[in-house]
Amino acid sequence: MNHRLLVSIIGLSGLIAPSAYPQAAKTNSTYTPPRTPDGQPDLQGIWNSATITTLERPAELAGKAFFTPQEAVAYEKKFAVDANRDVRGSNGATDVAGAYNQGWFDRGTKVVPSLRTSLVTNPPDGKIPYSAEGQKRLADAAEHTRAHYTDGPEELTLADRCILWRTAGPPMLPGPYNSNYQIFQTPGYVVIAVEMIHDVRFIPLDGRPHLPPNMKQWLGDSRGHWEGNTLVVDTTNFTEKPRFLGTTGKLHLTERFTRTSADAITYEFTVDDPAMFSKPWSASFPLNRSQGPIYEYACHEGNYAVPGILGGARKAERETSR
Amino acid sequence: MRTQPYSRVLFIVALAAASAFCAVPAAAQTPAAARAGRTADGKPNLNGIWQVMNTANWDLQSHSAQAGQMIPLGATGAVPAGLGVVEGEEIPYLPAAAAQKKQNYANRLKLDPEVKCYLPGVPRATYMPFPFQIVQTAKYILITYEYANAVRTIYMEDPGPAPVDSWMGQSVGHWEGNTLVVDAKGFNDQSWFDRAGNFHTDALHVIERYTPRGSDVLMYEATIEDPGVFSRPWKISMPIYRRLEKNVQLLEFKCQEFVEELLYGQYRKQPAKP
């Protein structure tokens, strides 16, 4: 690692510290977003999706849909402790190693401002409604992975392979780090540039039909329109290869982006995939303004994970067979 | 204000002189025409999906057609002929660099970053045989290239020196009349200019000029400086055409997946069947 890169990474970890948003902030329904020159509600800027609220409601919070403000503070404090954020090593070496490892992560420090105990808003129990078939698919996939994880590159995760970051979207989710997105708008388009693995989503607003059904993409095929101040994005044509919670090519995703203040967008999505879920389900969380900038995440070009994991497995096999 | 190399200053002076002849006074245009070709802030409208129609990605210099390197690909892997896009035809390599270029060419199947689906760098991204889309706002101009999902942001307000070297570099733009001028540096030394082994170091400095000719053609120029490799700056130029299909859109070419056997096949538990 050259000196400049190291400096940049250290600088980056400072730059992307999430901006705090006030606890229990009420969504201001009267907020009027500024307009782009062509009259669209303005979603432009660099946004960060980090939050410590989990996608599904944790088991220990069953029956509890919302935190009280005091509970939210306690939860955030516990998260900081569990993530070792406040833990110092017992000697210089472990202290530095721990700080180095933590320096990569940027999961946020706050729960979502609604104080809901899950990102899932529907169904109300905060759980993803997997169908029996969907559960079997997931179980089969997990069993296959346990047996074959190091057989070849296609068995590894999409992130290990630098094909798709799990939380890059669509749908977007809070990720472990670099949950950064830059939105651009020009007449007829909303464009979302994702920092992780430099994916870019083009969302045409001209009402054109989706791609022919035989065309499949990792990011699907998005079409958008405005409903008042809300951008509604409809995405189909997803790859058959599992890319998000085991979803299939039947995945139909609807996303809604509503600017709720100068520094936040409320992001909501509804997932429909009859091959995985017994009914459609929805989730919501805020995208908070970030200072940026977006860096080049040249993942594939520096991929030591795949040769490291597979090469290590082959070496281990040679040694045990001796 | 960052200090500019002498050649850059000369270049700007030349530009200013040229644009004085080319600029069309806004008042001379009909309002409708002005709207069609202009963004809301009055700049030439570069938004759209664009693609070159040439063989520069095979070789920036004039080249005859030739057989490809992979026999099973037959005619589909052959190299199409093309006239050079380098002004004056010659790329002014220093002697050691000329030898390196020859080595690169001889080993291109192994060394060309495109073979591995690596990011193409600048200016190569422009003339890859894939479309790219320009998203033009007042503060940023985003260019997304279909090949490998390559992307770069052109900052219309200079953010200062590039914080880190990268494949696509850092680009800072400004308008000179109807021309978007992009100053790109902060590159690593990993990308090539074409499949013929033309290369650079991390001192690469590219000045690009995008000048609309009518609504559907951009005249593109890139001046390339790299004092450790070339004895003087040199320039390529080519037209870029608007993709006019009604349903045109950038599609996915996530080629990472397509090179896994090439890059990682040796680590498989069971070798893949040919």
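The entries below follow the order in which I looked things up.

**Entry: what I am looking at.** I note at the start that this is a predicted model. I took the chains one at a time. Chain A has five helices and 10 strands, and buried residues make up 34% of its 322 residues. For chain B I count five helices and nine strands. Its 274 residues are 34% buried.

**Entry: order of elements in chain B.** I read chain B from the N terminus and wrote down α-α-β-α-α-β-β-β-β-β-β-β-β-α.

**Entry: contact range.** I looked at contacts between residues at least 6 apart in sequence. In chain A, 65% of these join residues 24 or more positions apart. In chain B the figure for residues at least 24 apart is 58%.

**Entry: nonpolar cores.** Which residues have the most contacts inside the largest core? I found Tyr181(A), Val191(A), Ala193(A) and Leu142(B), in a core of 94 residues. I then followed Val191(A), setting aside its neighbours within four places in sequence. Val191(A) touches Phe184(A), Val200(A), Arg201(A), Phe202(A) and Ile203(A), and from chain B it meets Val135(B) and Leu142(B). There is also a second, separate core of five residues, which includes Leu156(A), Leu310(A), Tyr264(B) and Tyr267(B).

**Entry: where the chains meet.** I counted 39 residues of chain A in contact with 34 residues of chain B. On the chain A side, the elements that give two or more residues are helix H1 (3-15), strands E3 (180-186), E4 (189-194) and E5 (200-204), and helix H5 (305-320). Which of these gives the most? I found that H5(A) does, with five residues. By type, the chain A side divides into 20 nonpolar, nine polar and 10 charged residues.

**Entry: a run of strands in chain A.** I moved on to E8 (residues 252-261) and E9 (residues 264-272), which pair in the antiparallel sense over nine bridges. A hairpin of two residues joins E8(A) to E9(A).

**Entry: cis peptide bonds.** I checked omega in chain A and wrote down two cases. Asn122(A) and Pro123(A) are joined by a cis bond with omega of about 10°. Pro123(A) sits in the loop between E2 (120-122) and H4 (132-148). The bond from Gly169(A) to Pro170(A) is cis too, with omega near -5°. Pro170(A) belongs to the loop between H4 and E3 of chain A.

**Entry: positive phi.** I stayed with the loop between H4 and E3, where Cys162(A) is also found. Cys162(A) is not a glycine, yet its phi is positive at about 60°. Is Cys162(A) buried or exposed? I count it as buried, because 23 other C-beta atoms lie within 10 Å and the cut-off is 20 or more. Asn178(A) lies in the loop between H4 and E3 as well, and this non-glycine residue has a positive phi of about 55°. Asn178(A) has 22 C-beta neighbours inside 10 Å, so I mark it as buried.

Conventions: Residues are numbered from 1 along each chain as its sequence is written. Chains are lettered from A and ligands numbered from 1 in the order in which they are written. This is a predicted model: local features need pLDDT of at least 70, side-chain atom pairs count only at pLDDT 80 or more; totals for chains, interfaces and linings use all residues. A nonpolar core is a set of buried Ala, Val, Leu, Ile, Met, Phe, Trp, Tyr and Cys residues joined through C-beta atoms within 7 Å. A residue is buried if 20 or more other C-beta atoms lie within 10 Å of its own, exposed if 12 or fewer, and partly exposed in between; C-beta atoms are placed from the backbone. Two residues are in contact if their C-beta atoms, placed from the backbone, lie within 7 Å. Helices (H or I, at least four residues) and strands (E, at least two) are DSSP runs, numbered from the N terminus. Two strands pair if DSSP finds at least two bridges between them. Ala, Val, Leu, Ile, Met, Phe, Trp, Tyr, Cys and Pro count as nonpolar, Asp, Glu, Lys and Arg as charged, and the others, Gly among them, as polar.
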